[in-house]
Every structure is written in structure tokens, then in C-alpha cells.
Amino acid sequence: MNVDTTEIKPVTLALGAAFFWALGQVLGKLVMKELDPITFNAIRFSSVTLALLPAFLLIRPKTASIWSIAIAINAGLFGLAVALLILFYCMKRAPAHKVITIGNASPVWTALLAIFLIGEEINPLLPLSLALVVGGSLLFMPRGKETNQWRFAVPLSMISAVLWGLDLVLRKMAINSGMDVLAFIWISVVAAAVLLNTVAAIKRSWREQKLGKNILALTLASTFFSHLATFLFMFALEMEKVSSLSPFSSAVIPFGFLLSVFIVGEKPHLRAAIGMVVVFFGVVLAAV
């Protein structure tokens, strides 16, 4: 039996990206015990900017046009910096399994935004998908006197998901315009680093932060895995359209849920597990 490797390769890359995105976020939850989201993300994007600079200067990847550069900058400001500030602010105040599940429902919003921004086909199941994502998210809302259950985590995590959905569409727009993967990633990361360091300087967020060896190691590990995931997904986008990859990249939801149990030691309620399944099903349905 012949296996079409041209289809397997982008799927494998998308699944790998999903796992490493989840791992990077869960490690970030551990860091949130000592650092605030501004300092954490400023360190992450500053380190990636410096790490990628030599490759950017040596390879001189194609940036295509001013329009492509503007797309990459906006993706860095909103899809990276703002989205991750919101996500990890929620992560600091609420359980990781809740925030990761809702915050990574971005493929649904990607499918919706892709219709208007890049003219991809309308999925007739999208309204049902949106209903499942919202309904599943409501199962994560705190009830009674549950501890460590910040009530704004659900709506804010959903805003983060919408911004990530926009980011994925912007990535595809940049690639369609001829921009190289490395160029897009470096420009977007620089934009995020500039914004985050500006905010950190204004707020002096580094004061009274406990940046020991273990926390620094976890921060750098979170950074490495998150951006490894980004590279994998960007390469997958070069071979397949964004809506087709969404069901596989959305595996970040069950990956993140399970890793928050095994790495962070969280103990989700049955209601949360059901909510995760409903949200995940809704995300997958959006790209069927």
C-alpha cells in the first residue's frame, strides 16, 4: 500500500507543534509561581531575538514587501505579545488546564477569520463549532467556593484565543505574499520583544522578581519549546492551508490538559474534563 508522505509530513509537523506548544505553556505555569507575565515574556522574546539574529543576518531570508513586514509586526504585537501576556496573566491566577484549554481554541477563530481575511471557504459546521467552544468554556466557570478559580480567566483566555487565531491567519498571509519562515518569525519576535521590554521598563516589572537558576532554566526551556513549535507549524503552513492543519494543531488542548496534570500536579474536576472534550471537539469540527 502506498502512503502519501506529502500529506503525512505537514500533519506530523502540526502534531509536533501542538505538543511543544502545550509543553512550553505548562512550563510557563511553573515559572508564574515566581515571575510576573511581563518579565517572563520579555525574557523569552529577548532571548529568541538574540538567538535568531545571527541566522537572520547570515541567511538573509526573503521579506517580500513592506506589506509582509507590516503583517509580521502586527502578528508579533497582537498574536504574540498581547495574547501571551493575557494567557500567562490568567495562568498565574487560575489552573493551567483551564487556561490552556480555552486559550488554545484559536483554530476555531482562525477558521472564522480566514474566511474574511484570506478568502478561505466557509465551513458549514463553523456555527456548531463556535457553540461547542463557548459551551465547553462555560463548564470551566467557577462554581460555589472552589479555590484557585479566578472568574475572569475564562473570558480573558478566550480573548487570547481570538488573538492567536488572528496570528495564524497573518502567518498564512505573510507566507502567501512570499515571505520566508525565518523572516516572519524573527520580525514578529522582535516586535513582541520591543513591546514587552517597553512595558517592562515603564512598569519596572523586574523589581522584587525571583529569577533564580531553576526559574531561568524553566523560562528558557519554555521559550525553546514554544518557538520550536512555531517553526514546525510555519513549515507545515508552507505545505498545507491553515484550516486543514487546525484539527491537528488543536491537539495542544488535550496535550496541555494532560501535561498540567502530570507536570504541574493539578487535579481537574470531572466537569473540567468534560469541558476540555467539548472544546476540543468543537475546535476539530471547525476544520472538518
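Helices here are DSSP runs (H or I, at least four residues), numbered from the N terminus. A cavity is a set of points, on a 1 Å grid over the protein atoms alone, where a 1.4 Å probe fits but cannot get out, and its lining residues have an atom within 4 Å of a point. The model is predicted: local features need pLDDT of at least 70 and side-chain atom pairs count only at pLDDT 80 or more, while totals for chains, interfaces and linings use all residues. Residues are numbered from 1 along each chain as its sequence is written, and side-chain values use heavy atoms, with hydrogens and water left out. Two cavities of 30 Å³ or more are found in the whole structure.

**Largest cavity**

- This cavity holds about 280 Å³ of space, a volume being the space filled by probe spheres set on the grid points, which are joined across faces, edges and corners.
- The lining comprises 20 residues, of which Trp21, Gln25, Asn104, Trp164 and Arg171 are the closest to the centre.
- At least two lining residues come from each of α1 (5-31), α2 (37-59), α3 (66-93), α5 (106-117), α7 (153-176) and α9 (213-237).
- Helix α7 gives the largest share, four residues.

**Second largest cavity**

- About 50 Å³ of space lies within this cavity.
- Its lining consists of Ala75, Leu80, Asp167, Arg171, Phe184, Ile185, Ser188, Val189, His227 and Thr230.
- Two or more of these residues come from each of α3, α7, α8 (181-203) and α9.
- Helix α8 contributes the largest share, four residues.

**Residue classes**

- Ala, Val, Leu, Ile, Met, Phe, Trp, Tyr, Cys and Pro count as nonpolar, Asp, Glu, Lys and Arg as charged, and the others, Gly among them, as polar.
- The lining of the largest cavity has nine nonpolar, eight polar and three charged residues.
- The lining of the second largest cavity has five nonpolar, three polar and two charged residues.

Notes. 1 Å grid on protein atoms, 1.4 Å probe; cavity = no way out; pocket = protein on both sides within 12 Å on 5 of 7 lines; lining within 4 Å.
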